[in-house]
Amino acid sequence: KGMVLPTKSEITLEKIAALGLPVVVKPTDKDRGLGVTLGISNQERLQQAVDYAAQHGNKILVEEQVPGTCHRILVVDDKVLFVIKRNPRSITGDGQQTIEALIKQLNASLMLKIPQKRLPGLALDALALECLAAAALKPNSIPAVGVKVMLRPAQSSQWGGDPEVVTESLHPDNAEIARRAARLFGLRCAGVDFISTDIRVPWYDNGAVINEVNYAPVIGRTHEYQRQAGKAYLNLLFQGQGKIPIHLFVGE
C-alpha cells in the first residue's frame, strides 16, 4: 500500500493513517536509496523524512513498511539465476572489542583489497548511532562472539550491505511469483525485489510482497556470486559456441 503526494502539501500522520505504521518515505523519481527514510512512526520523524525526500524529487511516495528483509531475485529468460538476501551493513562481535574498534578493524581490512573488490568503509555516523540506539547499544559496547550489529536500517545501493546467497532456500511458489512478475512486464532480464521474513515460506503464508521489478538490474563484479551469475547470464542469452571478436588498438 502507498500514496503519492506533492512535496508542498502538508503530510501528516492522519493523512497516511490508512497505510498503517511504520511507513517509508521516498521521492518518486530517484533510485539507489537516495532520499529514503525507513521506520517512520511519529509526526516529527515524518516531517524530517518529507523534507529530506523533497530535496531529491518533486513528489513524495509514502508506503507501508512491510516486515522482513529485501531479497533480490534475478530472473533471466524465465529462470531464477540467484537469490540474494540483502542484509544491512554490519559488524560481527568477537566478545573482546568495542563496536567502534570493530569498525576500524573492518575498514582497515577493506583497504587491503584491490579496488574492484573493495566495498565502501563503514562510518560511525548519525544513522549508525541511531541503529545502535535502537538495539540498546553504544559505540563502546562489546558485542558477544558471533553477534551481528546492524549499522544501517536496511541494505541499499547508497549504503551498501552484506549480501547473503540464499538461492537454494527459495520456495518454489516464491520463484514462480518472481517469474510471473518478469513475464508481466515482458522482461527477459529482471531484478525482482521481494520482501519476506523467510523466503523458505510461500508469499501467501507470511505476507511477503514484491517491492520493485527492475528492468536493468546490476549484476556486478564485486562478489563471487555476481561473477558466476554474469557467466550464467551470458550463457542463457547467447546460445552455442560462437565467439565475439575482440580487437585491441594501440596508438593513434
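A residue is taken as buried when its relative accessible area is under 20%. In this predicted model, that criterion picks out Leu 46, Ala 49, Val 50 and Ala 53 within helix 1. The elements against which the buried residues of helix 1 pack are strand 2, strand 3 (37-40) and strand 4 (59-64).

Helix 1 itself runs over residues 43-54, and its 12 residues should span 16 Å at 1.5 Å a residue, a value with which the 16 Å between its end C-alpha atoms agrees. The N-terminal end of helix 1 is capped by Asn 42, of which a side-chain oxygen lies 3.2 Å from the backbone nitrogen of Glu 44.

Thr 12 is placed in the loop that lies between strand 1 (2-6) and strand 2 (23-27), and, with a relative accessibility of 15%, Thr 12 counts as buried. When its neighbours within four places in sequence are left aside, Thr 12 is in contact with Gln 43 and Leu 46, the latter being one of the buried residues of helix 1.

With regard to the cysteines, the structure holds 0 disulfides. The closest cysteine sulfur to that of Cys 70 belongs to Cys 189 and is 16 Å away, which is too far for a bond. For Cys 131, which counts as buried at 15% relative accessibility, the closest cysteine sulfur is that of Cys 70, and because these sulfurs are 16 Å apart, they too are too far from each other for a bond.

Definitions and conventions
Residues numbered from 1 in each chain as written. Predicted model: local features only at pLDDT ≥ 70, side-chain atom pairs only at ≥ 80, totals over all residues. Heavy atoms only, no water. Helix = DSSP H or I, 4+ residues; strand = E, 2+ residues; numbered from the N terminus. Buried < 20%, exposed > 50% of the residue type's maximum accessible area, 1.4 Å probe, protein only. Contact = heavy atoms within 4.5 Å. Disulfide = S-S within 2.5 Å. Expected span 1.5 Å × (residues − 1). Polar contact = N/O pair within 3.5 Å; in protein donor to acceptor, adjacent residues only side chain to side chain.
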